[in-house]
Amino acid sequence: MSADRFTPVQLADGEALFRRPWQFVKGVPSLEVLPAAERTEICLAGRSNVGKSSLINRLVGRTLARTSNTPGRTQELNFYAAPGVSLFMVDLPATVLPQRPSRAWKPGRGSCATICAAERG
């Protein structure tokens, strides 16, 4: 969707959402320690070194997610949240991408982070 399809109010609401004081919540090395799937998740998935962590930093307007020039530095599922928002941003390492895209996340199957990690496992 292009920016001209959003109203000025919608654009302002989106900007306000990401200008909140987002914080690192948890790094998840395995499925056993995933946070409860009680919030909507924005999962950033992609190949190694494409800028997923940099995108988070650009969205929130400050350095929140660690970035590196070395591919593969994100090793855990990194969860970020802002006060008063029922939403997680999740930075997924490239290693949790499903090998078979036809089995990708579908509504009602649980957390996108859980599904990606389980299908890779």
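The model is predicted: local features need pLDDT of at least 70, side-chain atom pairs count only at pLDDT 80 or more, and totals for chains, interfaces and linings use all residues. Residues are numbered from 1 along each chain as its sequence is written, and side-chain values use heavy atoms, with hydrogens and water left out.

**Fold**

The protein chain has three helices and four strands. Their order from the N terminus is α-β-β-α-β-β-α. Helices (H or I, at least four residues) and strands (E, at least two) are DSSP runs, numbered from the N terminus. These elements come up again below:

| Element | Residues |
|---|---|
| Helix 2 | 52-60 |
| Strand 3 | 77-81 |
| Strand 4 | 87-91 |
| Helix 3 | 112-120 |

Of the 121 residues in the protein chain, 31% are buried. Buried means under 20% relative accessible area, with a 1.4 Å probe and protein chains only. A contact means heavy atoms within 4.5 Å. Among contacts with a separation of 6 or more, 62% join residues 24 or more positions apart.

**The largest pocket**

A pocket is an open set of points on a 1 Å grid over the protein atoms alone, where a 1.4 Å probe fits, with protein on both sides within 12 Å along at least five of seven lines. Its volume is the space filled by probe spheres set on the points, which are joined across faces, edges and corners. The largest pocket has a volume of about 530 Å³. It is lined by 25 residues, and the closest to its centre are Ser53, Arg66, Thr67, Arg73 and Thr74. Lining residues have an atom within 4 Å of a point. Helix 2 gives the largest share of the lining, three residues. Strand 3 supplies at least two.

**The nonpolar cores**

A nonpolar core is a set of buried Ala, Val, Leu, Ile, Met, Phe, Trp, Tyr and Cys residues joined through side-chain atoms within 4.5 Å. The largest has 12 residues, including Phe18, Trp22, Ile56, Tyr80 and Leu87. Helix 2 and strand 4 each supply at least two residues of this core. A second, separate core has eight residues, including Leu77, Phe79, Ala81 and Phe88. Leu87 touches Trp22 and Tyr80, among others, not counting residues up to four places away in sequence.

**Leu92**

Leu92 lies in the loop between strand 4 and helix 3. Its relative accessible area is 1%, so Leu92 is buried. The C-alpha atoms of Leu92 and Asn78 are separated by 6.7 Å, and the two residues are 14 residues apart along the chain.

Definitions and conventions:
Buried < 20%, exposed > 50% of the residue type's maximum accessible area, 1.4 Å probe, protein only.
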